[in-house]
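I opened this entry to look up strand pairing, domains and the surroundings of the ligand. My notes follow in that order.

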Amino acid sequence: MVVSAITSPANTASIAFHRAMGFEVRGPVPDYDGPGLDRIVFERGLWTRLETDRLVLREFVADDEAAVHEYASDPEVTRLASWGPNTIEQTREFLAQITQPHGRVGFAITLHSTGKLVGSIGIGSCSDEHRRGELGYVINRAHWSRGYATEATRRIVQFRI
Ligand SMILES: CC(C)(COP(=O)(O)OP(=O)(O)OC[C@H]1O[C@@H](n2cnc3c(N)ncnc32)[C@H](O)[C@@H]1OP(=O)(O)O)[C@@H](O)C(=O)NCCC(=O)NCCS
């Protein structure tokens, strides 16, 4: 996941701020905002770790295949979902998409205590115009009813992507 920001090349404070925040500079991009309106475009990876008391929400990596497939191939977990139960190819496809730099906004839900990946939480169907997105979550059945979805959701809402 990548977040972008733009600013005028004359806005030295903004440029310094984004540099300090770890953004990479792309540009200046000529006529970005119209004729004569050059802009600096910044990009950086999304802040990838969000923590709660028991959870670490982090980006997915290709190595997560086995843990993702554990819940994504469970028919009980996907019973009411619009996807699944996944074949291993579908799990691979999901990971391939979500680990793209400009992929969907999605976090792996992992446990502080063991590092085990127990689910995912993400935002889809986003509408810039209406400032809305749809939150989706899924938890490995072996870890249901421990409040993990609640804890992850609270953190994401607080994060306000
Ligand atoms: C829905 C889901 C993500 C909940 O995850 P979870 O970590 O078990 O949820 P929590 O422990 O935070 O529970 C939150 C509340 O949901 C309700 N809930 C959770 N599991 C429930 C169950 N099996 N039966 C009835 N209510 C349940 C309860 O009201 C619970 O609050 P409480 O513990 O105070 O009673 C999980 O069951 C799941 O992955 N289901 C399959 C995928 C899915 O349906 N995702 C949601 C649609 S995007």
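In which sense do strand 6 and strand 7 pair, and over how many bridges? I looked up strand 6 (residues 105–111) and strand 7 (residues 117–127), and they pair in the antiparallel sense over 6 bridges. I note that the model is predicted: local features need pLDDT of at least 70, side-chain atom pairs count only at pLDDT 80 or more, and totals for chains, interfaces and linings use all residues. Residues are numbered from 1 along each chain as its sequence is written.

Terms next. Strands (E, at least two residues) and helices (H or I, at least four) are DSSP runs, numbered from the N terminus. Two strands pair if DSSP finds at least two bridges between them.

I found Ile109 opposite Gly119 of strand 7. Strands 6 and 7 form a hairpin with 5 residues between them. In that turn, Gly115 has a positive phi of about 85°.

I then followed strand 7 onward. It runs antiparallel to strand 8 (residues 132–139), joined by 7 bridges. Ile123 has Leu135 in strand 8 as its bridge partner. This hairpin has 4 residues between its strands, and Arg131 in the turn has a positive phi of about 55°.

I checked the domains, whose bounds come from an automatic or database domain assignment. Domain 1 covers 2–45 and domain 2 covers 50–159. Their C-alpha centres lie 31 Å apart.

I count a residue as near if its C-beta atom, placed from the backbone, lies within 6 Å. Of the 14 residues around the ligand, Ile139, Trp144, Tyr148, Ala149 and Thr150 come nearest. Strand 8 and helix 5 (148–159) each give two or more residues to this shell. Strand 8 gives the most, with 4 residues.
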